Amino acid sequence: MGTVYRHLYPQVYDWENLMLAWRKARKGKRGRAPAATFEQNAAEHLLAIQAELAEGRYRPGGYASFFVHEPKRRLISAAPFRDRVVHHALCNVIDPLFERRFIHDSYANRKGKGTHAALDRCQHFARRYPYVLQCDVEQFFPAIDHALLLDAIGRVVVDPDLLSLCATILASGRGVLGEMYDMRYFPGDDLLAATRPRGLPIGNLTSQFWANVYLDALDHFVKRELHCRAYVRYVDDFLLFAPDKATLWRWRAAIIDFLAGLRLTLHERPCQPRPVTEGIPFLGFIVFPDHRRLKPRKGYAFRRRLRRRLAETTAGRLPVDRVTASVRGWVAHARTAQTHGLRRALLRAARLPARR
């Protein structure tokens, strides 16, 4: 049994921790109304949050939800700014406790990891193994079961006040993704299974962190029970590499059974062993052993966003330097695909003159 942690809750509402949480929450958002309004009376707001947390009176506000359609339709739910400060304050305390338990090859929402590191690792394994099993979880964020998540948190954190705060934040997101979830029944379920609280709002810092906590059991199952030496996970997308298809078919069946215990299901139809030489669709790229390609829809989506931003710039609603930074950031990201002429193609699509 690993280390468990008690008496953590006062660290959450410690003044220095709240100041750090506020600085993290406002990063990159100081020009937006919620962050700017909070900043006008930051000390007063932080003192109020501190008192509510210390006295057990903290209650989250309502979410502002909207759909995005790139690359696929998703419901994003944004918590009020003061709640985002609390999310950062909570994660500042408990993230390090779980970070030391996570496996090396989990790459989402972790310091020193990220998309490019995951792609590098994927390509590294593609050069060493001839076959891959590409998996992703159906309706992952809407399907996350609150009771199972709290149980996973409680195996590490036994501070009742801290667990109560986690439960409060979890409960605030109940039903936010209800329309995005198609009910699944698992062995032993009765009709009341449909009423189980589930779902993490996409867009919350806590949701991103808790997604890793929820699937940490899967990571250890794959490494310790299946003895898979070549495994990469980014949120609910994960890859297993092996020297033969038979091994991957066996692992696939074991993973389906294991995920049922987490009340999750795989997209089974596309989850089939394939040669790595066919290319591995992963995180917006198609990865081959010796090169990568950007998925065409990623380029099309960026062109649409760029045209909208250019229209906002023409109307005076968006500074030119923000558009320039966006283009440079995207080109730097897309260059990892080893795609020749990408910058000129994007600028041509946006009707911008290319520098010579």
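This is a predicted model: local features need pLDDT of at least 70, side-chain atom pairs count only at pLDDT 80 or more; totals for chains, interfaces and linings use all residues.
Local features require pLDDT of at least 70 and side-chain atom pairs count only at pLDDT 80 or more, whereas totals for chains, interfaces and linings use all residues. Residues are numbered from 1 along each chain as its sequence is written, and side-chain values use heavy atoms, with hydrogens and water left out.

**View 1. The open sheet β7-β8-β9 is antiparallel.** Helices (H or I, at least four residues) and strands (E, at least two) are DSSP runs numbered from the N terminus, and two strands pair if DSSP finds at least two bridges between them. The edge strands, β7 (280–282) and β9 (292–294), each pair on one side only. On average, neighbouring strands are turned by 25° against each other, direction ignored. Strand β8 (residues 285–287) is joined to β9 by three bridges, and phenylalanine 285 stands opposite leucine 294 in β9. Across β7, β8 and β9 lies helix α6 (residues 115–128), which runs at about 165° to β7. Axes are lines fitted to C-alpha atoms, for helices over the stretch in contact, and angles run from 0 to 180 degrees between N-to-C directions.

**View 2. Helices α3 and α5 cross.** The axes of α3 (residues 33–40) and α5 (residues 81–99) come within 9 Å and cross at roughly 80°. The two helices are therefore roughly perpendicular to each other (a class covering 65 to 115 degrees). Pro34, Ala35 and Phe38 of α3 meet Phe81, Arg82, Arg84 and Val85 of α5, contact meaning heavy atoms within 4.5 Å. By class, five of these residues are nonpolar, none polar and two charged; Ala, Val, Leu, Ile, Met, Phe, Trp, Tyr, Cys and Pro count as nonpolar, Asp, Glu, Lys and Arg as charged, and the others, Gly among them, as polar.

**View 3. The second largest pocket has a volume of about 580 Å³.** A pocket is an open set of points on a 1 Å grid over the protein atoms alone, with protein on both sides within 12 Å along at least five of seven lines; lining residues have an atom within 4 Å of a point. Of the 21 lining residues, Lys29, Arg32, Ala78, Arg84 and Gly203 are closest to the centre. The elements giving two or more residues are α2 (15–26), α3, β1 (64–68), β2 (74–78) and α5. The lining has ten nonpolar, four polar and seven charged residues.

**View 4. One cavity of 30 Å³ or more is found in the whole structure.** In a cavity, a 1.4 Å probe fits but cannot get out. The largest cavity has a volume of about 40 Å³, a volume being the space filled by probe spheres set on grid points joined across faces, edges and corners. Glu138, Gln139, Ala143, Tyr181, Arg184, Phe186, Arg263, Leu264 and Thr265 line the largest cavity.

Notes. Angles under 35 degrees count as roughly parallel, over 145 as roughly antiparallel, 65 to 115 as roughly perpendicular and the rest as oblique.
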